[in-house]
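Open the model in your viewer and keep the selection panel at hand. The stops below say what to select and what is there.

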Amino acid sequence: MRIKGVLVAFAAMIAMSSAAMPASQQSASMTVGNVTSQPIGHYDFCQRHPDECGPVRNAGPEEMNAAAWALVNQINLRVNKTIRPATDMEVYGQEEYWEYPKTAGDCEDFALLKRRLLMQSGVSASNLLMTVVRKPDGEGHAVLTLRTKQGDYVLDNLEDEIKLWSKTPYSYLKRQASFNTGRWVTIENGNDVLVGSVK
């Protein structure tokens, strides 16, 4: 009888603790809103690379298998290990200059190179979306979002592991539109990410 009481109490404690965990209610995919302003660096990039910015066929989220994940991980790790982190001012002599890096670059440059390599490997442009976030310290940052049927995953130059967007420490602000890579949309549930995010 005493064991039964302990088990009931233990079950009640588990139920209460799981109800207080917001992470389990996080969506695997970002909820996007209306078209919003395009970052100036991306606008300038589009002027130099017009073929990279425009309407695309939205084929729906990427179907991923073990081979596809292995390819994404390989490209993410290769770019993170071969490109040296450096500011736009150090590399290009100006602020907010988005470009494919040759040997060095900042967060946007890392993401652009990963995007290009993955597109060359057959991943749809509609599923490789430049994304602007805020780090826990309030500083702006850019990552690449990979839209998949399992959810939205983040390729980040600050982290080699590819993570579900809701498992990162960022507040999500906006990203490229899946229907037009020259347009940007708001991320409506970006501030719901509670793991160390700043509103």
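Select strand E5, residues 140-148. With three residues, E5 gives the most to the lining of the largest pocket. Keep in mind while looking that this is a predicted model.

Next, show the other contributors. Helix H5 (107-120) and strand E4 (128-134) join E5 as the elements that give two or more residues to this lining. To find the pocket's centre, select Asp106, Cys107, Glu108, Glu139 and Gly140, which lie nearest to it among the 21 lining residues. The volume of the pocket is about 360 Å³. Colour the lining by residue type: nine residues are nonpolar, five are polar and seven are charged.

Now select the strands of the sheet. In what order do the seven strands lie? The order is E1-E9-E8-E4-E5-E6-E7, in an open sheet with antiparallel pairing. Strand E1 (32-36) and strand E7 (159-164) are the edges, each pairing on one side only. Turn the view to follow the twist, which averages 35 degrees from one strand to the next.

Zoom in on strand E8 (residues 171-177) and strand E9 (residues 180-187). These two run antiparallel and are joined by four bridges. Pick Gln176, and opposite this residue you will find Trp184 in E9.

Last, select helix H3, residues 66-82. Helix H3 lies across E5, strand E6 (151-156) and E7. Against E7, the helix runs at about 140 degrees.

Notes
Residues are numbered from 1 along each chain as its sequence is written. This is a predicted model: local features need pLDDT of at least 70, side-chain atom pairs count only at pLDDT 80 or more; totals for chains, interfaces and linings use all residues. Side-chain values use heavy atoms; hydrogens and water are left out. Two strands pair if DSSP finds at least two bridges between them. Axes are lines fitted to C-alpha atoms, for helices over the stretch in contact, and angles run from 0 to 180 degrees between N-to-C directions. Contact means heavy atoms within 4.5 Å. On a 1 Å grid over the protein atoms alone, a cavity is a set of points where a 1.4 Å probe fits but cannot get out, and a pocket is an open set with protein on both sides within 12 Å along at least five of seven lines; lining residues have an atom within 4 Å of a point. Grid points are joined across faces, edges and corners, and a volume is the space filled by probe spheres set on the points. Ala, Val, Leu, Ile, Met, Phe, Trp, Tyr, Cys and Pro count as nonpolar, Asp, Glu, Lys and Arg as charged, and the others, Gly among them, as polar.
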